[in-house]
Amino acid sequence: MNNSKIWQCSTCDFVYSEAAGIPEENIHPGTAWQDVPEDWLCPDCAMGKEDFDMHEV
Amino acid sequence: MKPIVIIGAGHAGLTLAREIRALDKAMPITIISQDPIQAYYKPNLSKALSMNKSADQLIMKQLRALKRDLDAELLENTPVFKISHEKKSILCQARDSENNKQETFELPYENLILATGANPIPLPIKGASGNVVSVNTLQDYSQFRKIIKDKKQILIIGAGFVGCEFASDLSSNGYQVDVVDRATWPLEKVVPEQMGTEIKHAISKDGVNWHFQSTVNEIVKDNQGKLSAHLSNGTIILSHVIISAVGLLPNIQLAKDTGLITDKGIVVDDYSRTSHYAIYALGDCVEYDGQSLPFIAPATLAAKSLAKTLTGNKTKLVLTPQPVGIKIANCPTLICPPHTKEGSWHVNGVDQDLEAAFFNNKKELCGFALSGEKISLKSEYLSQY
């Protein structure tokens with residue numbers, strides 16, 4: 001996937017990589033951040049998507 | 001246009017404001033709090049020593065940044081003492097710092113949201129008043145860090161989520177810790193005995209003395225300021241500081257005074273609405289199906305669906321089971337608290353690596369707890385609901 005981005009939780013530093021996804025949560029590798037469900041919560045600290053900041057790879 | 005007024009600036013109140021702002025750039029929002037308004041992650045209060053952070057370093061956003069990002073009116077240190085729901089307005093008290101007077105003012109609202117949180121359960125113990133601290137806010141924590149500086153011995157009353165995290169955080173940072181609880185093992189309400197015993201041993205590695213099946217009868221302070229706690233089993237524990245971590249009570253006074261339906265918490269429907277049509281509630285002050293859920297995830301989910309409802313897209317709150325991580329230095333643990341007492345635990349695994357499932361009498365999964373390497377089974381368990 002081109003332009004794959006990394007997003008990081010500003011509360012606990014959990015990292016979401018678009019390239020890797022989170023297969024065990026049914027978020028397949030290559031899932032763009034905007035396609036991660038709106039009600040998805042950070043697996044480590046339960047904050048919402050709004051709490052993530054984008055980091056270019 | 002009258003604003004949406006949110007009472008309370010904890011995680012629930014601030015998240016709601018942000019979710020509304022993400023959906024509607026123009027809707028006026030006012031957040032009013034009796035405390036200073038700063039964004040911080042409350043679960044970090046019982047982990048901050050190990051994170052090597054001071055109270056101030058736990059602040060994620062100060063008032064000015066919040067004001068800018070939320071484009072909202074923020075009123076801090078301003079208690080609300082009355083809601084007039086016929087007039088759709090609240091009465092607040094502002095402190096005029098120049099001449100140190102209290103000033104009362106009225107604030108009209110379009111919709112009102114109660115995010116008033118929960119307060120520590122008061123301890124009915126002789127001598128507790130003035131000698132026991134609770135750590136429920138960043139201000140409490142800031143004070144607590146000042147108190148424990150240069151001190152060594154700390155007694156924690158309560159071996160639940162907060163008590164266990166504090167025991168782990170303090171003991172692994174050089175404090176000598178005692179824990180008292182009337183239960184038989186730590187986290188008794190949410191993990192089975194086998195796992196509780198492992199958690200107890202893990203925390204004990206850093207030197208914690210546990211006093212189970214006992215309660216504190218009386219606290220006495222000597223001339224040097226040292227505290228002695230007299231337990232029901234006859235033990236006397238000496239300490240410099242005593243923390244109460246026996247749990248929280250939803251803060252429902254304002255809701256009660258307004259005539260809203262309350263039980264242990266403020267009663268709400270599937271849309272987070274109270275018994276009054278223009279007043280909503282979310283977070284630790286609420287009860288869902290008779291249960292309070294004083295965790296981050298339910299408040300985040302409630303804020304997201306309520307923001308949609310308030311911006312014109314009526315959305316039901318669906319509370320999916322959300323496991324809560326508990327930070328114990330030598331034994332990572334993940335708990336999805338059982339929502340019923342009727343049923344039994346089934347445990348698998350050895351030593352610290354345990355999976356425990358709680359089934360009700362109909363053999364349905366109602367909760368689980370995973371520790372050590374077994375926490376990798378989280379999604380597998382969640383998919384069984």
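**Strand pairing and the rest**

Modeller: Let me start with one pair: Ile335(B) has Ala369(B) as its bridge partner in strand 27 of chain B. Keep in mind that this is a predicted model.

Colleague: Is strand 27 of chain B mostly covered or mostly open?

Modeller: Mostly covered, with six of its seven residues buried.

Colleague: And what does strand 26 of chain B do with strand 27 of chain B?

Modeller: Strand 26 of chain B, residues 353-359, runs antiparallel to strand 27 of chain B, with five bridges joining them. Ala357(B), for instance, has Phe368(B) as its bridge partner in strand 27 of chain B. The two strands form a hairpin, and five residues sit between them.

Colleague: Which residue in that turn has a positive phi?

Modeller: That's Lys363(B), at about 70°. Lys363(B) isn't a glycine, and most residues other than glycine have a negative phi.

Colleague: Buried or exposed, that Lys363(B)?

Modeller: Exposed, because Lys363(B) has 7 C-beta neighbours inside 10 Å and the cut-off for exposed is 12 or fewer.

Colleague: Back to strand 24 of chain B. What does it do with strand 23 of chain B?

Modeller: Strand 23, residues 324-326, and strand 24, residues 333-336, both of chain B, pair in the antiparallel sense over three bridges. Gly325(B) has Leu334(B) in strand 24 of chain B as its bridge partner. These two strands of chain B also form a hairpin, this time with six residues between them.

Colleague: Let's switch to the open sheet with parallel pairing. What's the strand order?

Modeller: In chain B that open sheet has five strands in the order 5-2-1-9-21. Its edge strands are strand 5 (73-75) and strand 21 (279-281) of chain B, each of which pairs on one side only. On average, neighbouring strands of the sheet are turned by 20° against each other, direction ignored.

Colleague: How many bridges between strand 2 and strand 5 of chain B?

Modeller: Three, in the parallel sense, with strand 2 of chain B covering residues 29-32. One facing pair is Thr30(B) with Glu73(B), which belongs to strand 5 of chain B.

Colleague: Which domains is chain B divided into?

Modeller: Domain 1 is 4-119 + 249-310, domain 2 is 122-244 and domain 3 is 338-382. Taken over C-alpha atoms, the centres of domain 1 and domain 3 of chain B are separated by 34 Å.

Colleague: On to chain A. How many helices and strands?

Modeller: Zero helices and three strands, giving a β-β-β run from the N terminus on. Chain A is as compact as a globular protein of its length, because its radius of gyration is 10 Å, close to the 10 Å that the globule rule gives for 57 residues. Its C-alpha trace spans about 30 × 25 × 15 Å along the principal axes.

Colleague: How much of chain A counts as buried?

Modeller: 25% of the 57 residues. As for its contacts with a separation of 6 or more, 55% are between residues 24 or more positions apart.

Colleague: What's the story with phi at Asn26(A)?

Modeller: Asn26(A) has a positive phi of about 65° although it is not a glycine. Asn26(A) is in the loop between strand 2 (15-17) and strand 3 (52-56) of chain A, and counts as exposed with 11 C-beta neighbours inside 10 Å.

Colleague: Last one: how many residues of each chain are in contact across the two?

Modeller: 13 residues of chain A are in contact with 14 of chain B. On the chain A side there are four nonpolar, three polar and six charged residues.

Terms used:
Residues are numbered from 1 along each chain as its sequence is written. Chains are lettered from A and ligands numbered from 1 in the order in which they are written. This is a predicted model: local features need pLDDT of at least 70, side-chain atom pairs count only at pLDDT 80 or more; totals for chains, interfaces and linings use all residues. Two residues are in contact if their C-beta atoms, placed from the backbone, lie within 7 Å. Ala, Val, Leu, Ile, Met, Phe, Trp, Tyr, Cys and Pro count as nonpolar, Asp, Glu, Lys and Arg as charged, and the others, Gly among them, as polar. Two strands pair if DSSP finds at least two bridges between them. Helices (H or I, at least four residues) and strands (E, at least two) are DSSP runs, numbered from the N terminus. Axes are lines fitted to C-alpha atoms, for helices over the stretch in contact, and angles run from 0 to 180 degrees between N-to-C directions. Domain bounds come from an automatic or database domain assignment. The radius of gyration is taken over C-alpha atoms; the globule rule is 2.2 Å times the number of residues to the power 0.38. A residue is buried if 20 or more other C-beta atoms lie within 10 Å of its own, exposed if 12 or fewer, and partly exposed in between; C-beta atoms are placed from the backbone.
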